[in-house]
Amino acid sequence: MTSSTRPLLNRRLAEFGTTIFAEMSALAVQTGSINLGQGFPDTDGPEEVREAAVRALRDGRGNQYPPGPGIPELRTAIAAHQERRYALSYDPDTEVLVTAGATEAIAATLLALLEPGDEVIAFEPYYDSYAACIAMAGGTRVPVTLRPHEGSFRLDLDELRAAVTDRTRLLLINTPHNPTGTVLTREELTAIAELAVERDLLVVTDEVYEHLVFDEAEHLPLATFPGMRERTVTIGSAGKTFSFTGWKVGWVTAQPALVSAVRSAKQFLTYVSSGPFQYAVAEALSLPDTYFTAFREDMLAKRDLLAAGLADAGFEVFKPAGTYFITTDIRPLGETDGFAFCRALPERAGVVAIPNAVFYDHREAGAPFVRFAFCKRTDVLEAAAERLAKLRTQ
């Protein structure tokens with residue numbers, strides 16, 4: 001025991017306790033509720049990709065430390081994917097880095113590129129690791145709020161421009177956007193690119209939901225816009241696209257100096273990870289277009305199923321243009337506090353969701369919004385919709 005009264009947790013992380021995901025998942029277990037809170041599928045991805053991982057294990061590939069930047073096969077596959085999908089050319093040896101999922105990619109990038117006091121602009125609501133990683137790097141987060149507008153959440157470009165100061169170091173962009181499902185348009189991305197060039201800003205783009213865009217939406221990597229290839233760190237991941245979130249295989253693509261900087265930080269985090277799974281993901285990235293189309297169409301059908309159930313239950317539904325999350329407004333149900341609503345929902349309806357306020361600095365702006373995940377089996381979503389229908393009579 002120490003007699004010191006100094007807090008054990010450093011002040012940068014003092015605001016971050018147990019995540020809401022752990023709390024709500026534990027509540028789901030305690031109550032036997034359907035867990036539509038945490039964003040992971042309840043089925044595995046393609047059998048041929050699983051078998052590729054088994055084959056790598058049996059062949060002794062990846063059972064020891066893989067190369068620091070990632071195995072050559074995966075780096076080559078990532079570069080080929082970017083070229084084939086977006087006409088973005090990256091050198092597998094100097095412009096691609098494999099990471100322990102996208103979360104480590106974000107952490108390593110921010111640790112590498114930020115100095116204490118640098119400002120980072122991020123769109124709120126934002127994935128919760130953004131705030132923690134900015135804090136660990138000593139940066140200052142500056143939220144720009146996506147606000148409801150005509151059935152979706154949209155960016156105010158004037159607000160974004162006004163947020164940039166002489167202390168702004170980088171923009172942290174997420175599209176398709178978790179949790180709102182917003183997909184930034186060509187016009188919005190053009191304006192962001194012009195601002196970054198004008199103010200000489202670095203940009204980090206989290207594009208892990210790149211293959212989950214619906215209806216008329218189109219995913220456009222920011223690195224494809226004029227002046228952005230040399231100042232953008234693009235982050236991707238296999239977990240969301242291939243439904244193997246536990247494998248934790250992500251990556252960074254950027255110009256050599258940026259990749260070198262990120263690798264300098266990454267090597268002292270996990271050093272390396274996911275050896276056999278890297279071989280499997282290399283094969284997954286080479287799957288035919290029919291896989292990606294079928295994957296998207298399956299998620300689209302699930303989106304529509306859950307969206308209809310939520311609307312029937314009385315929620316206002318913001319139908320997402322991307323990701324596998326639906327944001328809802330609970331005010332039509334006579335509720336205003338998302339935290340209280342989500343903590344009571346398992347007992348009221350046997351379903352778990354996440355209060356969006358946890359993704360905001362301005363908690364009041366997110367108070368009435370609640371997020372549901374639809375990356376579950378169809379029968380699970382049907383059962384959830386049936387349970388949520390009870391809210392109409394309460």
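Tutor: Four strands make up an open sheet, in the order E11-E12-E15-E14, with antiparallel pairing. Strand E11 (316-318) and strand E14 (354-355) are the edges: each has a single partner strand, so one side of each has no neighbour in the sheet. Strands here (E, at least two residues) and helices (H or I, at least four residues) are DSSP runs, numbered from the N terminus. Two strands count as paired if DSSP finds at least two bridges between them. In general, strands of a sheet pair through backbone hydrogen bonds, either parallel or antiparallel.

A word on the source. This is a predicted model, in which local features need pLDDT of at least 70 and side-chain atom pairs count only at pLDDT 80 or more, while totals for chains, interfaces and linings use all residues. Residues are numbered from 1 along each chain as its sequence is written, and side-chain values use heavy atoms, with hydrogens and water left out.

E11 is joined to E12 by 3 bridges, and the two run antiparallel. Glu316 stands opposite Asp329 in E12. The two strands form a hairpin with 6 residues between them, and Thr323 in the turn has a positive phi of about 70°.

Next comes E12 itself. In strand E12 (residues 325-329), 5 of the 5 residues are buried, so the strand is largely enclosed by the rest of the structure. Buried means under 20% relative accessible area, exposed means over 50%, and partly exposed lies in between (1.4 Å probe, protein chains only). Phe325, Thr327 and Asp329 point one way from E12, Ile326 and Thr328 point the other way, and all are buried.

Pro355 has Val370 in E15 as its bridge partner.

Now look beyond the sheet, at the loop between E14 and helix H13 (363-366), where Asp361 lies. The side chains of Arg141 and Asp361 meet in a salt bridge, at 2.9 Å from N to O. A salt bridge is a side-chain nitrogen of Lys or Arg within 4 Å of a carboxyl oxygen of Asp or Glu. This pair links distant parts of the chain, since Arg141 is in strand E4 (residues 140-145) and the two residues are 220 residues apart. Asp361 counts as partly exposed because its relative accessibility is 31%.

Helix H11 (residues 289-313) holds another such pair, Lys302 and Asp298, which are 4 residues apart, about one turn of the helix. Their side chains meet in a salt bridge of 3.2 Å, N to O. Lys302 is buried, with a relative accessible area of 9%, whereas Asp298, at 35%, counts as partly exposed. An α-helix has 3.6 residues a turn, so residues three or four places apart point the same way.

Salt bridges also link Asp215, Arg303, Asp304 and Lys319 in a network. Over the whole structure, a search finds 24 salt bridges.
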